[in-house]
Amino acid sequence: MKNEFTLTIYTENQVGLLNKIAIIFSRRKINLESLNTSPSEIEGIYRFTIVVIETETVVKNIVRQLEKMVDVFKVFYNTNDEIIWQQMALYKVPTSVIIKDVKVERLLREFGANAVVIREDYTVFETTGQYEEIDNLLKELDKYGLIEFVRSSRIAIIKSSEGVHKKVLDMEKNDPTKKPINNEFLNHKSMIFEM
């Protein structure tokens with residue numbers, strides 16, 4: 001049975017990486033419901049947040065394939081119960097409607113919307129929330145002559161994860177390139193390399 005999964009992918013910031021990741025999904029004909037990329041808590045490491053609707057078996061296979069990529073450090077996949085997530089939305093509404101109708105002002109307060117820009121001809125409000133909350137406000141504002149609407153991609157934090165910060169610090173601490181290399185033949189080089 002298909003469910004909504006959020007994939008969190010920690011990567012290096014390399015040109016063409018987004019294309020490589022997208023190809024893995026497009027080859028399997030999987031639609032990306034949402035895609036966000038941003039720097040992570042670790043300098044030089046980026047975080048992709050991808051939402052798909054698919055079976056867990058297919059998602060596990062994608063995770064394994066993504067983790068085989070050289071530029072990818074770690075991939076997590078989670079259901080909505082296992083993450084804390086939000087989206088942001090902007091709504092452009094005629095200013096005249098807001099001034100005339102008190103219901104609109106109450107509605108915006110009820111949904112926790114904040115004014116970002118106020119002009120004579122329009123006002124832009126922003127709100128954050130989950131899909132249903134943003135969609136409900138959209139339906140209500142549509143009744144009052146909504147001019148324009150845009151929704152961001154999902155951003156998410158895994159409830160039970162320590163992220164990759166600790167793993168990266170452990171990797172740096174145990175980096176084999178920083179340890180001295182002991183070669184048993186270095187002291188006998190004249191005997192070994194004679195021709």
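Predicted model: local features only at pLDDT ≥ 70, side-chain atom pairs only at ≥ 80, totals over all residues.
Leaving aside residues up to four places away in sequence, Thr49 touches Thr6, Leu7, Ser34, Leu35, Asn36, Arg154 and Ala156.

## Strand S1 and its partners

Two strands can be followed from S1, and both pairings are antiparallel. S1 and S3 are joined over 10 bridges, and one example is Thr11, whose bridge partner in S3 is Tyr46. The pairing of S1 with S4 runs over 6 bridges, and here Thr6 stands opposite Asn78 in S4.

How many of the 10 residues of S1 are buried? The number is 7, so S1 is largely enclosed by the rest of the structure.

## The largest nonpolar core

In soluble globular proteins, nonpolar side chains tend to be buried together. The largest nonpolar core of this model has 18 residues, and those with the most contacts inside it are Leu7, Ile9, Ile21, Phe25, Val52 and Leu66. The elements that give two or more residues to this core are the strands S1 (3–12), S3 (45–54) and S4 (72–78), together with the helices H1 (17–27) and H2 (56–67). Another core, of 14 residues, lies apart from this one, and among its members are Ala89, Tyr91, Leu108 and Leu141.

Which residues does Leu66 touch, if those up to four places away in sequence are not counted? They are Leu7, Ile9, Ile21, Ile24, Phe25, Val72 and Val75.

## How the two helices meet

The axes of H1 and H2 come within 11 Å and cross at roughly 150°. Angles over 145 degrees count as roughly antiparallel, and H1 and H2 are therefore roughly antiparallel to each other. The crossing in which H1 passes H2 is right-handed.

Where these helices meet, H1 contributes Ile21, Ile24 and Phe25, while H2 contributes Ile62, Gln65 and Leu66. Ile21, Phe25 and Leu66 were also named above, among the residues with the most contacts inside the largest nonpolar core.

The loop between H1 and strand S2 (32–39) contains Lys29. Most residues other than glycine have a negative phi. Against that background, the phi of Lys29 deserves attention, for it is near 55°, a positive value in a residue other than glycine. Is Lys29 buried or exposed? Lys29 is exposed, because its relative accessible area is 75% and the cut-off for that word is over 50%.

Asp81 is found in another part of the chain, in the loop between S4 and strand S5 (83–93). Asp81 also counts as exposed, because its relative accessibility is 66%. Asp81 and Phe5 are 76 residues apart in sequence, and from C-alpha to C-alpha they are 10.0 Å apart in space.

## A hairpin of S6 and S7

Strand S6 (residues 114–118) and strand S7 (residues 123–129) run antiparallel and are joined by 4 bridges. Together they form a hairpin, with 4 residues between the two strands.

Methods
Residues numbered from 1 in each chain as written. Heavy atoms only, no water. Core = buried A, V, L, I, M, F, W, Y, C linked by side-chain atoms within 4.5 Å. Buried < 20%, exposed > 50% of the residue type's maximum accessible area, 1.4 Å probe, protein only. Contact = heavy atoms within 4.5 Å. Pairing = 2+ DSSP bridges. Axes fitted to C-alpha atoms, helices over the stretch in contact; angles between N-to-C directions. Parallel < 35°, antiparallel > 145°, perpendicular 65-115°, else oblique. Left-handed = near helix turned anticlockwise from the far one by under 90°.
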